[in-house]
Amino acid sequence: MQQPTNIIYLASKSPRRRELLKQIGVQHDLLLLRELPPRLDIDESPRPDETPHAYVERVVKLKADMAVKVMHERKLQPRPILTADTTVSFDGDILGKPVDRDDAVLMLKRLGGETHQVLTAVIVTTAEETYKCLNTSFVTFSTLSEDEIRLYVDTGEPMDKAGAYGVQGRAAKFIVNLSGSYSGVVGLPLFETTALLRQAGIQI
C-alpha cells in the first residue's frame with residue numbers, strides 16, 4: 001500500500017516543470033525515465049492519422065506507466081507520480097521538438113502570423129487511482145521575418161521545445177495573444193495540476 005506522503009515524484013527532466021511545481025509549493029524528487037535501458041524506452045513517434053489530442057494523451061500514459069515500473073524496479077518509496085507531455089498542434093499537424101535547425105526554422109515559418117494550439121496532458125498516479133487532465137491553450141504569433149526566425153533559432157532556445165519555441169524565453173516577443181493557461185504552454189497547467197494533486201491526497 002502507498003505510504004502517506006506530501007512529496008511526489010516528477011517523471012520529467014524539464015527544468016520548467018520543476019520551477020512550476022516549486023512555484024506552487026509542491027515538494028518533489030526527480031524520477032528520470034531517459035536514463036532507462038533500451039528495453040524500457042518510450043517511442044514518442046506519432047502514429048499514422050493520430051490526432052494531436054490522441055497523441056499527447058497516449059504519450060503521457062506511456063510515460064506514466066513507465067514511471068510506475070521504474071519506481072517499483074528501483075524499490076523506491078511509493079509516492080504519487082506526476083507525468084506530463086506537451087505538444088503543439090497547427091492545422092491538425094503535430095509539431096514536436098525540432099530534429100535540427102532547419103526543422104525549427106520550418107516550424108516557426110508555419111507558426112508566424114497564425115494561431116496554434118498547445119496541448120499539455122498531465123497524469124498523477126497513485127497506488128489506488130490515476131488522475132488525468134488535458135489542457136488546451138491557443139497562441140497567436142506575430143508575422144515573423146526570416147531574419148527574426150534565423151536570429152531566434154541561432155540562440156538554440158527552440159531545440160528542446162515543442163513547436164520550436166519557449167513562451168517563457170525570447171519567443172515571448174512574438175506572441176500577440178495567449179488564450180488559456182500560460183503555465184500550460186510552458187509545460188504544466190498549474191490550476192489543473194493542483195486539482196489533480198489534491199485528488200491524490202497532496203496538500204497544497
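How much space lies in the largest pocket? About 730 Å³. The model is predicted: local features need pLDDT of at least 70, side-chain atom pairs count only at pLDDT 80 or more, and totals for chains, interfaces and linings use all residues. Residues are numbered from 1 along each chain as its sequence is written, and side-chain values use heavy atoms, without hydrogens and water.

**View 1. Centre of the largest pocket.** A pocket is an open set of points on a 1 Å grid over the protein atoms alone, with protein on both sides within 12 Å along at least five of seven lines; lining residues have an atom within 4 Å of a point. Volume is the space filled by 1.4 Å probe spheres set on the points, which are joined across faces, edges and corners. Here 34 residues form the lining. Arg16, Arg17, Lys63, Lys97 and Asp160 lie nearest the centre.

**View 2. Lining of the largest pocket.** Helices H1 (15-23), H2 (52-73) and H5 (182-186) and strand S3 (81-90) each supply at least two residues. S3 gives the most, with five. Helices (H or I, at least four residues) and strands (E, at least two) are DSSP runs, numbered from the N terminus. The lining holds 16 nonpolar, eight polar and ten charged residues. Asp, Glu, Lys and Arg count as charged; Ala, Val, Leu, Ile, Met, Phe, Trp, Tyr, Cys and Pro as nonpolar; the others, Gly among them, as polar.

**View 3. The second largest pocket.** Its volume is about 210 Å³. Of 15 lining residues, Glu57, Val60, Lys61, Ile123 and Lys132 are closest to its centre. H2, strand S5 (115-125) and strand S6 (130-141) each give two or more. H2 has the largest share, seven residues. The lining divides into eight nonpolar, two polar and five charged residues.
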